[in-house]
Amino acid sequence: MQTPSPLHRRAFLGRTSQGLGAVALASLLEHTQAAPTRGVLRALPLPQKAKRVIWLTMAGGPSHLETFDPKPKLAEMDGKPMPESFTKGQQLAQLQGKPLNCFGPQHPFAKFGKNQIEICSLFPQIGSVIDDICLIRSMTTDAINHDPAHMFMNTGSQIAGRPSMGSWITYGLGTEASDLPGFVVLTSLGKGGQNQPIAARQWSSGFLPSKYQGVQLRAQGDPVLYLTNPGGISRDQQGRDVAAINALNKQRSSMVDDPEIATRIAQYEMAFQMQASVPDLMDVSAEGAKTLELYGCQPGDGTFASNCLLARRLAERGTRFIQLYHKDWDHHGGVKEGVALKAQEIDRACMALITDLKQRGMLEETLIVWAGEFGRTPMSQGGSGRDHHNKAMSVWLAGAGIQGGIVHGSTDDLGYAAIDKVTTVHDLHATMLHQLGIQHDAFSFKFQGLDARLSGVEGAKVIKDILA
């Protein structure tokens with residue numbers, strides 16, 4: 001009797017895939033209609049005002065002095081030496097050792113809303129919804145260069161390797177979407193500034209399980225690379241392949257209990273579901289002319305406005321954390337012309353997002369945050385631009401239990417430093433978590449022997465003055 005030849009791995013996979021696929025395919029297809037994924041927080045310690053977050057990142061460092069922080073005194077001192085009492089011994093990035101002359105605001109400001117809040121006149125559409133916005137003029141940050149400043153805003157640390165805020169939130173709360181990721185990132189490129197690169201580590205899950213990392217969707221072309229099936233492969237065939245692979249992964253997981261195998265299983269299943277859900281998400285043809293006119297975009301044009309519309313569609317479908325990056329806010333030169341271009345790109349879209357969510361009854365459960373990675377100096381750089389600055393910046397929030405039509409905090413007369421109700425990035429993270437029903441100082445993950453938190457260990461506080 002002849003001894004059977006050994007069954008090699010490739011042959012084993014080939015022979016078992018059909019059987020495993022037949023058994024598992026029904027389960028996989030049924031899973032596409034599965035219930036939302038739960039997070040580790042089974043019971044929330046605080047009332048949940050926000051069910052989701054849309055974070056609008058203005059990448060490059062928008063100047064608060066040409067957007068949301070009027071400084072008539074700085075205008076009066078335009079061209080005069082900056083008082084040394086402001087700058088002596090301070091970190092000044094590229095301006096170190098150069099003449100420090102005051103550089104007045106390059107555009108006029110106008111009053112909007114019931115409380116006559118002053119913002120730059122380039123943003124009349126945002127002004128039209130200022131009664132829904134809380135403007136924080138006293139934000140500060142620890143970082144003064146782009147990548148570490150983005151890292152700090154996203155993770156609470158300037159050092160790479162920590163989980164991003166979207167990962168923390170989906171880890172804690174899970175997602176209401178069964179066929180889309182819980183954390184989605186969209187990027188857009190504008191005009192009028194330096195195109196600073198945005199690294200994928202900005203939406204990394206860090207030391208949390210990798211299934212919580214952000215998924216980037218492209219606004220033009222294929223939204224996800226390699227999402228479509230190869231030629232000649234049907235959805236049923238692809239489903240059988242995914243089911244067979246996951247059946248093997250589950251067998252392996254039961255033997256070694258490796259959490260990354262569970263992540264791999266979840267990623268295969270999500271990718272299979274996204275083959276059907278993403279084309280529907282990106283098809284905005286059913287939105288109608290009025291909605292497209294509201295946002296000021298055309299389907300698939302890859303603009304910030306289109307991404308704002310996609311953010312609303314993702315929010316409707318249950319995605320927990322949606323982060324939009326709009327680049328080219330880095331104005332070392334030509335800040336006057338540059339900010340004018342940026343205003344054209346974002347003003348209507350920001351208004352539209354707030355208006356659209358409000359009309360649909362979603363704003364009260366959606367927290368919108370608008371923020372850069374730092375502010376800009378009240379001194380000029382080369383006569384027409386501003387340098388990086390971490391002692392003063394403006395951000396704004398709307399929805400989800402945030403008071404509208406108010407201003408929180410202030411900077412000094414020249415806009416150099418926050419002086420009243422000084423607010424930190426950790427405070428902003430703590431407030432976001434608070435509105436999501438999470439107690440920020442009790443929400444942690446054990447890493448390298450420490451209880452790591454998004455809000456850090458420096459004593460973050462919830463900004464209670466801005467809560468309704």
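Lys51 counts as partly exposed because its relative accessibility is 29% (buried means under 20% relative accessible area, exposed over 50%, and partly exposed in between, with a 1.4 Å probe and protein chains only). Glu365, at 27%, is likewise classed as partly exposed. The side chains of these residues, Lys51 and Glu365, form a salt bridge with an N to O distance of 3.6 Å; the term denotes a side-chain nitrogen of Lys or Arg within 4 Å of a carboxyl oxygen of Asp or Glu. Lys51 belongs to the loop between helix H1 (9–31) and strand E1 (52–58), and Glu365 to the loop between H11 and strand E8 (366–371), so the bridge ties together parts 314 residues apart in sequence. Helices (H or I, at least four residues) and strands (E, at least two) are DSSP runs, numbered from the N terminus.

The model is predicted: local features require pLDDT of at least 70 and side-chain atom pairs count only at pLDDT 80 or more, whereas totals for chains, interfaces and linings use all residues. Residues are numbered from 1 along each chain as its sequence is written, and side-chain values use heavy atoms, leaving out hydrogens and water.

**Salt bridges**

A search of the whole structure gives 19 salt bridges. Three of them are tabulated here.

| Pair | Closest N to O distance |
|---|---|
| Lys358 and Asp132 | 3.0 Å |
| Arg312 and Glu316 | 2.8 Å |

The salt bridge of Lys358 with Asp132 also links distant parts of the chain: Lys358 is in helix H11, and Asp132 is in the loop between helix H4 (124–128) and strand E4 (133–139), 226 residues away. Lys358 is partly exposed at 47% relative accessibility, whereas Asp132 counts as buried at 18%.

Arg312 and Glu316 lie four residues apart in helix H10 (residues 304–316), so about one helical turn separates them. Arg312 is buried, with a relative accessible area of 1%, while Glu316 is partly exposed at 36%. Salt bridges with shared partners join Glu287, Arg312, Arg313, Glu316, Arg317, Asp356 and Arg360 into one network.

**Helix H11**

Helix H11 comprises 25 residues (335–359) and spans 35 Å from its first C-alpha to its last, close to the expected 36 Å, which is 1.5 Å times one less than the number of residues. A kink of about 35° is centred on Ala343, the bend being the angle between axes fitted to the seven residues ending at a position and the seven starting there. After H11 comes Gly361, with a positive phi near 70°.

Asp347 lies in H11. This residue is buried without a salt bridge, and its nearest side chain of opposite charge, Arg348, is 7.2 Å away (Lys and Arg count as positive, Asp and Glu as negative; His and the chain ends are not counted). Apart from neighbours within four places in sequence, Asp347 contacts Leu122, Phe123, Pro124, Gln125 and Ile126, a contact being heavy atoms within 4.5 Å.

**Nonpolar cores**

A nonpolar core is a set of buried Ala, Val, Leu, Ile, Met, Phe, Trp, Tyr and Cys residues joined through side-chain atoms within 4.5 Å. The largest has 55 residues, and those with the most contacts inside it include Phe123, Ile368 and Trp396. H11 gives the most to this core, with 11 residues. A second, separate core of 47 residues includes Tyr171, Leu173, Leu208 and Leu367.

Beyond its neighbours within four places in sequence, Ile368 has contacts that include Leu56, Leu353, Leu357 and Trp396.
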